[in-house]
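The sequence and structure come first.

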Number of protein chains: 2
Amino acid sequence: MQVWKEYQKKNKDRFLEELFELLRIPSVSAKKEHKDDLIKCADALKHRLLEAGADKVDIYPTEGHPIVYGEKMIDPSKPTVLVYGHYDVQPAEPLELWKHGPFDPTIVDGKIFARGSCDDKGQVYMHVKAFETMVKTNSLYCNVKFCIEGEEEVGSPNLGKFVAEHKDLLKADCVLISDSAMISLDTPSIDVGVRGLSYIEVEVTGPNRDLHSGVYGGAVANPITILAKMIASLHDENNHISIPGFYDDVAIATEEERALMAKAPFNEKEYAEDLGVKELWGEKGFSTNERTGIRPTLELNGIWGGYTGEGAKTVLPSKAYAKISARLVPNQISQKITDLLINHLEKIAPPYITLKASLHHGGEPYVTPIDSKAYQAAAKAMEATFGKEPIPVRGGGSIPICSLFEKELGIKVVFMGFGLDSDNLHSPNEKYDLANFYKGIETIPYFHKYFAEL
Amino acid sequence: MQVWKEYQKKNKDRFLEELFELLRIPSVSAKKEHKDDLIKCADALKHRLLEAGADKVDIYPTEGHPIVYGEKMIDPSKPTVLVYGHYDVQPAEPLELWKHGPFDPTIVDGKIFARGSCDDKGQVYMHVKAFETMVKTNSLYCNVKFCIEGEEEVGSPNLGKFVAEHKDLLKADCVLISDSAMISLDTPSIDVGVRGLSYIEVEVTGPNRDLHSGVYGGAVANPITILAKMIASLHDENNHISIPGFYDDVAIATEEERALMAKAPFNEKEYAEDLGVKELWGEKGFSTNERTGIRPTLELNGIWGGYTGEGAKTVLPSKAYAKISARLVPNQISQKITDLLINHLEKIAPPYITLKASLHHGGEPYVTPIDSKAYQAAAKAMEATFGKEPIPVRGGGSIPICSLFEKELGIKVVFMGFGLDSDNLHSPNEKYDLANFYKGIETIPYFHKYFAEL
């Protein structure tokens, strides 16, 4: 499709400039202080969608941050592609580790450094520009709908209600999502599954006030010590999660599936070197890719308590806190695991402290069948632009809304991600390669073409 | 001594006003940003000592914060009392828990609320005003020297060198310190021992950068999980410290000593209620007072790592940190315990993380013999103003410089403290009762009188 290529080549620099404008908006959904930035970002997207050729774009307010919906309907007899993505980003902290401002996008060595460059503004914007390419070159094959939300990074608390109440509006034949990674530009891959999530926060209270650790040390339980003991008990010596019932619903992969997974190119030594660790760590009996793909995990996302400033303070603190999340695989159910986790922590909490545990958010695991029309179209599209058939892989992250779309709209999700695992998602110095950004814009129109043809 | 009483009654309000001026200076020694406040505080003390009647007062710079030295020599044949105290204070954090500004002293229900009100500005200033009382009423019995430092709360790193280099200047017959507590105004007591200290900080590094907990969760060790496991292993199921060799040098109290300690009035139920805990916690086989007095302890003073802000962030952090301190009893040696602790942590650190452990500060345990002249003078002084003989008790806190004075100057320390354990030292809403402040000013001159007479 020479006409797409020419259009994109001519407008290359503008595409990037427009993305930079989006990246400059600090749309951090977890923080109340950024509420107006999310509105600003939704508004900017609306205008870009209209300019790109959408017939109508509406901003739907929610109890949290708004949802941007846009569409271009060319022919009711043609299939409809629903593009889902999110314009909110993770908090940028710790700020001191960024080499450039997180909201001041900067290109170094052909990579865009900015919070949201890959997750997910950069990948959402590929769809806007691919859509523009097809509209402006009069080569749309499918009806196109966009549903871009502002709360993905906080667990999409209001998307469920929106989708349930707008089933007709969102009616489509597949959901296309670019919010994941591929192995590399040399080795294209497609995620055929994402893990679910159960994210909780715990507060352990010992004494009712901070105490002098000399005067009271030895008399009363230290909430940090107790919290550490509780956390330590959650993994056994084989790094299995030792919460009774945790693995009960886990779908066990067949030897055949595991053999297929083992074929994906993976160098354990290079992987460890890239992360700067002498040894990898994880559940005994499973390979690294299995541990991040088909096995559930339990991670500590944060911990704090007592004096954390410069120097020394001899305090025996009143409280200690932790943020803990589990990644779930088919057929685990998020609510069930959350209950299991909270009940277990309450059960093991000793009588000298008080425990409060509460849910932040959850999401269900999801698997896309590789024989679906959507997957086949994605695979053909990537083959067209990469020159190689993509490898199906299981992703470790979570996109909690996949099972929602399937349940409410009865359609399959396909994950055509163009990021890399090394893109520092959720970390300082998040990046997105220019090559991946442009490759995405090039590949997406092929998806629409093949989806209409298959 | 009616003349003292009259002088103090007449100047009561001024004494308090002057203390408030000192309390308003945020002389937090642990934080570099307060360097100038410490200089300001030392300066203010110098002027107050001169006004009170000191012959000379000098400020000795150190590599850290300065030391204030003042003296009034009346007669070389009379005994000399060296008053030691500190004008620096603990950090005030967490600020949001203070009912009044920590550096805006406020009287509520007859108590002075401010950082340093009890520890130790309020108690140091009793000595300045007791000294003034004796000078202005022409009733000094002893030569008096003051050594007031600005680094007690960070482990007195420069006092040792100062004392060693100024043995003649500091030559005295006893060291008198008011930086501890008594049981209550109804039950006066004198600390006959303080615990030593070994305070370290550990940094656990997992991967070389913060990671997405979905993409990498299960593949690589989480430094928070590992740190929690290491901390959890430091106490066994009986809450004994499980570091090999930790108890080797602990002086075992005789049954007689334990029986004497058990006589001090103590209500375990009220103690637990005051702290708001359902159950107390500690080393099996020892009473609460024994656990805070004659037994060593290991406390977590702080912990942090990963995302600690509002909401949820699915990060697998690169680093986790903890501040850990041990309280030591005779005959443990601070440096030996520090080495033991750091070596043990290094030994149990698993290969998938990197551990850095370093010393913040340490101090030796100390015991005052109750048959010493200084203890006897303190006991008689308290009996004169409280109408009861004080009870000798073992304090849980640390005053690292006691063993230093004994070693360099060859003299005994006596702890005549007027605080209460409930004064929220090192915590939000630190307080000092007006009654205790004035009782201290009333009692101290008797100490000088009896020390000269005994």
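## Strand pairing across the chains

Two strands pair if DSSP finds at least two bridges between them. The model is predicted. In it, strand 11 (residues 297–306) of chain A pairs with strand 11 of chain B. The sense is antiparallel, and the pairing runs over 5 bridges. Within it, A:I303 stands opposite B:G305 in strand 11 of chain B.

## The chain B side of the interface

In the contact between the chains, 82 residues of chain B meet 82 residues of chain A. Several elements of chain B give two or more residues to the side touching chain A. Among them are helix 6 (223–232), helix 9 (288–293), strand 13 (319–328) and strand 14 (354–363) of chain B. Strand 11 of chain B gives the most, with 9 residues.

By class, this side of chain B holds 31 nonpolar, 34 polar and 17 charged residues.

## Helices 11 and 13 of chain A

Helix 11 (residues 373–386) of chain A and helix 13 (residues 434–453) of chain A have axes that come within 8 Å. The axes cross at roughly 135°. Helix 11 of chain A is therefore oblique to helix 13 of chain A. The crossing is right-handed.

On helix 11 of chain A, the contact residues include A:A374, A:A377, A:A378, A:A381 and A:M382. On helix 13 of chain A, they include A:Y446, A:F447, A:Y450 and A:F451. The contact of these helices has 10 nonpolar, 2 polar and 4 charged residues. A:K373, A:K380, A:K439 and A:E442 are among the residues that make the contact.

Methods
Residues numbered from 1 in each chain as written. Chains lettered and ligands numbered in written order. Predicted model: local features only at pLDDT ≥ 70, side-chain atom pairs only at ≥ 80, totals over all residues. Axes fitted to C-alpha atoms, helices over the stretch in contact; angles between N-to-C directions. Helix = DSSP H or I, 4+ residues; strand = E, 2+ residues; numbered from the N terminus. Parallel < 35°, antiparallel > 145°, perpendicular 65-115°, else oblique. Left-handed = near helix turned anticlockwise from the far one by under 90°. Contact = placed C-beta atoms within 7 Å. Nonpolar A, V, L, I, M, F, W, Y, C, P; charged D, E, K, R; others polar.
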